[in-house]
There are 2 protein chains.
Amino acid sequence: MADVARTAGVSAQTVSRALRGSPNVNPETKRRVLVAVEQVGYRFNSAARALSSGRSHTIGLVLLASGGYYSRSAVTAGVEAAAGEAGYAVNIATIAALDTGLMERALSKLADQGVDGFVIAVPLISVTPKMEDITRDIPTVTLDGSRTAGARVLGIDQQEAGRVATQHLLDLGHRQVWHLSGPDEWIEARRRRQGWQECLAAAGVEAPPLLEGDWSPDSGYRQGQIIAMIPEVTAVFVASDEMAFGVIRALQERGRSVPDDVSIVSVDDIALAAYCSPPLTTVRQDFYRYGAAAVALLLQGDDADVDESVAAASLSVRASTAPPRSR
Amino acid sequence: MADVARTAGVSAQTVSRALRGSPNVNPETKRRVLVAVEQVGYRFNSAARALSSGRSHTIGLVLLASGGYYSRSAVTAGVEAAAGEAGYAVNIATIAALDTGLMERALSKLADQGVDGFVIAVPLISVTPKMEDITRDIPTVTLDGSRTAGARVLGIDQQEAGRVATQHLLDLGHRQVWHLSGPDEWIEARRRRQGWQECLAAAGVEAPPLLEGDWSPDSGYRQGQIIAMIPEVTAVFVASDEMAFGVIRALQERGRSVPDDVSIVSVDDIALAAYCSPPLTTVRQDFYRYGAAAVALLLQGDDADVDESVAAASLSVRASTAPPRSR
DNA sequence: AGCGTTCTTGTTAGCCATAGCATCGATAAC
DNA sequence: GTTATCGATGCTATGGCTAACAAGAACGCT
């Protein structure tokens, strides 16, 4: 930087100001500085900047290794894009499972890296004192997760998603709608389940027994085998597309046709949903947008003009749902 | 840190040594330091460490936003896990498309962040002088991509994958194997194509016209519509699972059965491959492992005991392939 | 002309950890 | 006993940048 300053004939401080777009710099001086930067091949040192300014211009993103890979990938892309736009870098930490210990370690690791904020894309329900500690010091946005000290929560209306999916099946004439839920530790899973329950209750239908999977297609397959054995099931609301793939496969292998015998609705609308056989009717989730919105919320601080809740209730109707055959 | 030193009754330097596991520290002193750290609630400042030591303990990961989301997600997880193991953080940069300009910007951004190394998971073929410049200064591992100045390439034997897939179809008795390739700019696509060509040549079969998609299920669907119109096609090697989903859907919609009328083999073995209808026969790729291996290669420097090439030729035989009907 | 403002630039003092050298005592070797 | 060697620790300078203050120049006003 000293080289640049010398070449441009100004002080280091002026170089710093020029590069950071400080308002009070003579345009001509700024030009000279930029030319000098080019000439010298200068590249600023972000460690030094972080040390000096106290801010690293880095956001820590916490992800869960299990769970849908589509959502992870899309959320990451959204976060990265929005962060990059604002001049922030993104540091990731993955936790292998929903576990408070792992979560503490991940946050701790990112905090050590000196991130300026967290985007937590892990729907952990319980919050430990240590987690509170860390998130008290560093601004945090939780993506549809639990509320922790001072953390903002970007809410996605998963309950509405559950309601929309269930209502769609009822509207088609199904008398009963079963539900294959995600694991109970996941807030998404709970909320979608609540939406399902509410919707059934509103329709005066008693909820059938709950099935539970772990988001994996394989768990969907296993639960699908059970579903196939119960003749009275005509409609299932599956909590994720990936599980729905498994369910459908199991049903078909056992000679139950989708949607003729059993209708399936799920949630996510991943890229492959339209290419399932039959194409999945599913509630769309815009993960990329969630990621971007989380960053916006994080960076804008209190005067956020971002809506803290992103609706998630647009149904993509495809071919996995139909009126019940027996009508 | 000064607080810690005071509390432990030692100098700051000793604290630094104790925390970094320097060999010449009295165990008793070390213990005292650790206790003091706990007491004071000290968390080291990585910016200062980076500034002082010249190394940031951060790896830059370059990803492509398009292309399969499964692979992206799995590679990221592998990189993150291996990096974390070695005490490195991961900084990501996504580029929206295969474009040298975007690539330069991504590398530049990461270089500004002061990363100690790059893992480039983008199979860009051409390398610009500016890219060379950056990667000359910073150790780089390219994941099956192009060789650039001083960069190591972790080769995945995609050609072998193409060969295995094609051979499988020939072995089943197909006289001819068509190929739906990925975009030409992708090295993976080229290599798989070469494997296909070689295999056909070795069998004395003249290669049919090449079809090309963009990795998306939708492009698979569109090409699948074309394939469905050509009665003589009995076997297709599709360059990715996601495209295969689209191809199969298109064939089925037009009344061509898979595998009875047309056999389909693809590459990747994503989580959903086993739940396609019919389940996909596909060449397995262990993306997580590729990511982890890239990091190992990067960090171990020249005395890498990592094999620079990871074989990728294990075929998961499922139900999308069968002998041709007309035999 | 004289004075207060505003704009632009420079000076100085850190930010926090580490490298490198210096120091000191203890152990080993002669 | 004396010197060489080694292990443990401390001191000081330094990395590259920015915050805070200081100072000079330019401008507008009375």
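## Helices 8 and 9 of chain A

Let's start with a helix pair: the axes of helix 8 (residues 158-171) and helix 9 (residues 187-202) of chain A come within 7 Å and cross at roughly 40°. An axis here is a line fitted to C-alpha atoms, for helices over the stretch in contact, and angles run from 0 to 180 degrees between N-to-C directions. Helices (H or I, at least four residues) and strands (E, at least two) are DSSP runs, numbered from the N terminus. Helix 8 and helix 9 of chain A are therefore oblique to each other; under 35 degrees counts as roughly parallel, over 145 as roughly antiparallel, 65 to 115 as roughly perpendicular and the rest as oblique.

Which residues of helix 8 of chain A meet helix 9 of chain A? They are Gln158(A), Gln159(A), Gly162(A), Arg163(A), Thr166(A), Gln167(A) and Leu170(A). Their partners in helix 9 of chain A include Arg191(A), Trp196(A) and Cys199(A), with contact meaning heavy atoms within 4.5 Å. By class, this contact of helix 8 with helix 9 of chain A has four nonpolar, seven polar and five charged residues. Ala, Val, Leu, Ile, Met, Phe, Trp, Tyr, Cys and Pro count as nonpolar, Asp, Glu, Lys and Arg as charged, and the others, Gly among them, as polar.

## About the model

This is a predicted model, in which local features need pLDDT of at least 70 and side-chain atom pairs count only at pLDDT 80 or more, while totals for chains, interfaces and linings use all residues. Residues are numbered from 1 along each chain as its sequence is written, chains are lettered from A and ligands numbered from 1 in the order in which they are written, and side-chain values use heavy atoms, leaving out hydrogens and water.

Chain A can be laid on chain B by a rotation of 180° with 0.0 Å of shift along its axis (RMSD 0.1 Å).

Within chain A, the assignment gives domain 1 (2-44), domain 2 (55-157 + 288-310) and domain 3 (158-285), with bounds from an automatic or database domain assignment. The C-alpha centres of domain 1 and domain 3 of chain A lie 60 Å apart.

In chain A, the axes of helix 2 (residues 12-20) and helix 3 (residues 27-40) come within 9 Å and cross at roughly 95°. Helix 2 and helix 3 of chain A are therefore roughly perpendicular to each other. Their contact divides into six nonpolar, two polar and one charged residue.

Over in chain B, the axes of helix 5 (residues 69-85) and helix 12 (residues 287-299) come within 7 Å and cross at roughly 40°. Helix 5 of chain B passes helix 12 of chain B in a right-handed crossing. Among the residues making this contact are Tyr70(B) of helix 5 and Phe287(B) of helix 12. The residues of this contact divide into twelve nonpolar, three polar and no charged.

Most residues other than glycine have a negative phi, and most peptide bonds are trans. The bond from Val258(A) to Pro259(A), though, is cis, with omega near 10°. Pro259(A) sits in the loop between helix 11 (241-253) and strand 9 (263-268) of chain A. Asp269(A) isn't a glycine, but has a positive phi of about 55°.

Technical notes. Copies are superposed by least squares on the C-alpha atoms of residues with pLDDT of at least 70 in both. A crossing is left-handed if the near helix is turned anticlockwise from the far one by less than a right angle, and right-handed if clockwise.
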